[in-house]
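Colleague: Good morning. Could you take me through this structure in plain terms?

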Amino acid sequence: MGSSPAMPEPEPGSRHRDDGPPPSPASGLVVTDLGDGTTLHLRIAGLPEIADARRRLHAWLTAAQLGSDHVDDVVLAAQELLVNAAEHAYRAHDSGPVHLLARLSPPRLTVTVTDTGSWQAPAPDPGHRGHGLTMVRALADSVDITSLSAGTRVTATFTTGPRAGQAAG
Amino acid sequence: VSAADNLDGTPWVTAKRVGAALVLAVGGDVDHATIPEVRAGVAKATAGDAQVVVLDLSAVTFLDSAGLALMVNLHVERPGRLRVVAPMPIARRPIELTGLDQVLTMFDTVTDALAPGSPALKGVDG
């Protein structure tokens with residue numbers, strides 16, 4: 001396992017510490033936050049950690065002072081991408097980790113989710129998977145899907161609005 | 001304070017009969033992780049003979065595509081007899097983004113959903 005990076009973040013307001021349960025020792029969620037509000041990396045080992053990852057992203061976006069509507073939109077899109085990716089990873093013979101990389105560079109925010117599984121187009125009756133991709137496409141300004149030699153990378157790009165991400169000092 | 005409780009996200013389902021309608025209130029996070037629990041609660045509550053099911057999502061704190069799929073199933077099981085109450089964006093937005101607001105019968109309040117003249121009630125007559 002890689003060394004779990006310390007979180008040098010400068011206490012973004014009062015909420016981040018208090019809300020959300022601390023990651024349990026058993027959790028495979030690894031959080032890397034550069035602390036400057038530009039980059040957040042989350043590594044999850046599977047579906048059970050997605051809710052925790054989602055809350056981390058929510059807290060990070062909130063600390064970056066995105067509007068709450070923006071935050072909810074990005075978190076919803078990220079949720080669907082993570083679920084898709086984790087399901088791909090589980091279908092693959094070895095279920096590798098799923099990575100989420102959020103980069104904030106106003107007025108752009110990109111969320112990139114990478115898995116090591118095999119991308120599968122939605123079935124004729126896609127069920128919730130179809131809804132998930134529909135939402136991601138509706139929420140993001142653009143969605144790029146790249147097939148890797150082992151895995152799939154999906155990048156969703158959002159417009160954050162002019163106030164987002166301005167460093168406080 | 002109570003927001004901290006919400007962050008836990010544990011879902012819940014409560015049911016009550018109002019005349020011929022069953023009002024199902026769902027709260028907490030409704031997502032891929034919690035959907036088995038929510039589905040079981042909903043299935044248990046809807047096992048009766050209610051003419052109309054009002055699904056009240058007012059207290060939902062997160063809704064993803066797994067929750068949408070559950071709603072679609074409920075709708076398919078009782079076409080024209082499901083009414084969805086989703087006043088808050090956290091639940092309403094996913095429904096609208098996927099166009100399900102054109103399929104489901106949407107309301108802002110449970111009171112509206114129970115009103116005699118609502119579209120869903122007319123559907124029962126047919």
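The conversation below goes through the two chains and some of their parts.

Modeller: This is a predicted model, in which local features need pLDDT of at least 70, side-chain atom pairs count only at pLDDT 80 or more, and totals for chains, interfaces and linings use all residues. Residues are numbered from 1 along each chain as its sequence is written, chains are lettered from A and ligands numbered from 1 in the order in which they are written, and side-chain values use heavy atoms, with hydrogens and water left out.

Colleague: How many helices and strands are there in chain A?

Modeller: Chain A has four helices and six strands; these are DSSP runs, with helices being H or I of at least four residues and strands E of at least two, numbered from the N terminus. Along the sequence, their pattern is α-β-β-α-α-β-β-α-β-β.

Colleague: And how much of chain A is buried?

Modeller: Of the 169 residues in chain A, 45% are buried. Buried means under 20% relative accessible area, exposed means over 50%, and partly exposed lies in between, with a 1.4 Å probe and protein chains only. Chain A exposes about 8300 Å², and carbon and sulfur atoms supply 54% of that area, as computed by the Shrake-Rupley method with a 1.4 Å probe.

Colleague: Is Thr160(A) buried or exposed?

Modeller: Thr160(A) counts as buried because its relative accessibility is 5%. Thr160(A) lies in the segment after β6 (151–159) of chain A.

Colleague: Which residues does Thr160(A) touch?

Modeller: Leaving out residues up to four places away in sequence, Thr160(A) touches Leu66(A), His70(A), Leu104(A), Pro106(A), Pro107(A), Arg108(A) and Leu109(A). Contact means heavy atoms within 4.5 Å.

Colleague: At what angle do α2 and α3 of chain B cross?

Modeller: The axes of helix α2 (residues 35–45) of chain B and helix α3 (residues 65–77) of chain B cross at roughly 20 degrees and come within 10 Å. Therefore α2(B) is roughly parallel to α3(B), a label for angles under 35 degrees.

Colleague: Which residues meet there?

Modeller: From α2(B), Ile35(B), Val38(B), Arg39(B) and Val42(B) meet Ala66(B), Gly67(B), Leu70(B) and Leu74(B) of α3(B). The residues of this contact divide into six nonpolar, one polar and one charged.

Colleague: Which residues of α4 in chain B are buried?

Modeller: In helix α4 (residues 89–97) of chain B, the buried residues are Ala91(B), Arg92(B), Pro94(B), Ile95(B) and Leu97(B). After α4(B) comes Gly99(B), which has a positive phi near 75 degrees.

Colleague: Where is Leu114(B) found?

Modeller: Leu114(B) is in helix α5 (residues 110–114) of chain B. Leu114(B) is partly exposed, with a relative accessible area of 29%.

Colleague: Which residues is Leu114(B) in contact with?

Modeller: Apart from neighbours within four places in sequence, Leu114(B) is in contact with Val18(B), Ala21(B), Val23(B), Val54(B) and Arg83(B). Leu114(B) and Val53(B) are 61 residues apart in sequence, and their C-alpha atoms are 9.7 Å apart in space.

Notes:
Axes are lines fitted to C-alpha atoms, for helices over the stretch in contact, and angles run from 0 to 180 degrees between N-to-C directions. Angles under 35 degrees count as roughly parallel, over 145 as roughly antiparallel, 65 to 115 as roughly perpendicular and the rest as oblique. Ala, Val, Leu, Ile, Met, Phe, Trp, Tyr, Cys and Pro count as nonpolar, Asp, Glu, Lys and Arg as charged, and the others, Gly among them, as polar.
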